[in-house]
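Hi,

Here is the structure I promised to pass on. Have a look at it first, and then read on for what turned up in it.

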Amino acid sequence: MKRGEVKLLAEGKRIDGRKPEEMRNVEIKVDVISRSDGSAEVAFGRTRVLASVYGPRTLYPKYLQEHETGILRCRYSMAPFSVDERKSPAPDRRSIELSKVIRLALEPAIFLEDFPKTVVDVYLEVIEADGSTRVTGINASSLALALAGIPMRDLVCACSVGKIDNTLILDLNGKEDNYSEVDMAFAMMPGKGKITLLQMDGLVTKEELKKLIEMAKSACEKIYEMQKNALREKYKVSE
Amino acid sequence: MNEKERPIVLPGEFLCQREGKKIGDNVYEEDGKVFSKVIGIPKITDSEVSVIALSGKYMPKVGDRVIGTIIGVEVAGWFVDINSPYVAFLPLGEAVEEFVDTSRVDISKYYDVNEVIFCRILKVAKNKIIQVTMHDLQAKKLVGGVIVKITPSKVPRVIGKGGSMINLIKNKTNCEILVGQNGVIWIKGKDKSKAIEAILLIEKESHIIGLTEKVEKMLSEEK
């Protein structure tokens, strides 16, 4: 099938019945892996990502250590059963690239200079993939980092936006991801109003791009509230 | 705000205007405003702003008394694991009073690998090279007992105001307990399982008010 052959938008509704600017159901669980320093599970509809954080810990081999600052390592990997056709568990070109993209989206938020010579490891495991896995991964790792007590400027929130049939849409699912005209991953620190990731595929006009960014920003604000609620919930004492 | 709980701040949350206040732990300043770096309990006074973190690794500070495990014996000193991303060094001169001729003596007779010590942090260099010393009134080798690890930021809650919490546990369980600032707790005594239980309870519910009463109730109930 080529792009545009699937009917993605009919009578103002998308294939899963959502309106163009509607997000999927978001589910956030914190502290799901007890042996990690911090962990979180975030689900956007059927996309489900598990993030765990270890560190700061001493970095070996020693020649990788930075004297002035710590370093951040991310590993994004998709479980073999996460997609329709079995995915080889070995890191492929896409996983390696996404690991780097996620690291670059998180790095501006972390005070790495507070712990020189060490490393913070973020492991992301995609349990179920249905579009927008990288942004779901960023949301999960931001929560996991906060729970691990890593000093941060702000939480990082992310979402995806795109365009189908000349309509701008929010939070793409798997099908939309494959056949959309435009697909943009977006991450920001809502408290500071700073964008940490902006990646796009396809062609848009200047006005459309501005509108896409506005849409993504308002969605990130919503996700920010959800993240904060999830963290506050953890420290509530049930009496 | 619920009365039973202390207010909690999250990373990036606005705390107050700086207005000449000192920047304490776990906070940062941006355009005259002070924000939190971590999830924790804020402490804002007229002179200082800081946040007590609810999780995180131990970062060594000069003067802290910590419990460490010897992980390596060198020619003139020992490497000590202090439950931190950084390994500390205990020089021979800071450990032994008498003169030791390193060319003749095997210094593992003083401290050997896997032995546990209570020591003081002597020096933290900018690049996190850490030295510890045994030249301290409380410093000693810890023989026997068990070790419990908790989140280092919760150590003040385990000790309590003026040592109220730790004395309570000591009296109720008749255990010998030593608390290191690095979150390592050494317990020796017959009733140590109860003491461990109490400490784990404090770690789990460290952010509620009236914790001392709750622990006292728990320790009295089980008699």
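Let's start with a helix pair: in chain A, helix H1 (residues 93–106) packs on H2(A) at an angle of about 45°, with the axes 10 Å apart. Helices here are DSSP runs of H or I with at least four residues, strands are runs of E with at least two, and both are numbered from the N terminus. Axes are lines fitted to C-alpha atoms, for helices over the stretch in contact, and angles run from 0 to 180 degrees between N-to-C directions. H1(A) and H2(A) are therefore oblique to each other (under 35 degrees counts as roughly parallel, over 145 as roughly antiparallel, 65 to 115 as roughly perpendicular, and the rest as oblique).

Before going further, note that this is a predicted model: local features need pLDDT of at least 70, side-chain atom pairs count only at pLDDT 80 or more, and totals for chains, interfaces and linings use all residues. Residues are numbered from 1 along each chain as its sequence is written, with chains lettered from A and ligands numbered from 1 in the order in which they are written.

Who meets whom between those helices? Leu98(A), Val101(A), Ile102(A), Ala105(A) and Leu106(A) in H1(A) meet Arg134(A), Gly137(A), Ile138(A), Ser141(A) and Ser142(A) in H2(A) (contact means C-beta atoms, placed from the backbone, within 7 Å). By class, that contact has 6 nonpolar, 3 polar and 1 charged residues (Ala, Val, Leu, Ile, Met, Phe, Trp, Tyr, Cys and Pro are nonpolar, Asp, Glu, Lys and Arg charged, and the others, Gly among them, polar).

Next, the two chains: 28 residues of chain A are in contact with 22 residues of chain B. On the chain A side, strand S5 (47–58), helix H2 (133–147) and helix H4 (206–234) each supply at least two residues. That side divides into 14 nonpolar, 6 polar and 8 charged residues.

Chain B has an open sheet of 3 strands in the order S13-S15-S14, with antiparallel pairing (strands pair if DSSP finds at least two bridges between them). S13 (146–149) and S14 (176–179) of chain B have a single partner strand each, so one side of each lacks a neighbour in the sheet. From one strand to the next, the twist averages 20°. S14(B) and S15(B) (residues 184–188) pair over 4 bridges, and Leu178(B) stands opposite Trp186(B) in S15(B). Helix H3 (residues 192–204) of chain B packs on this sheet, touching S13, S14 and S15 of chain B.

Cheers
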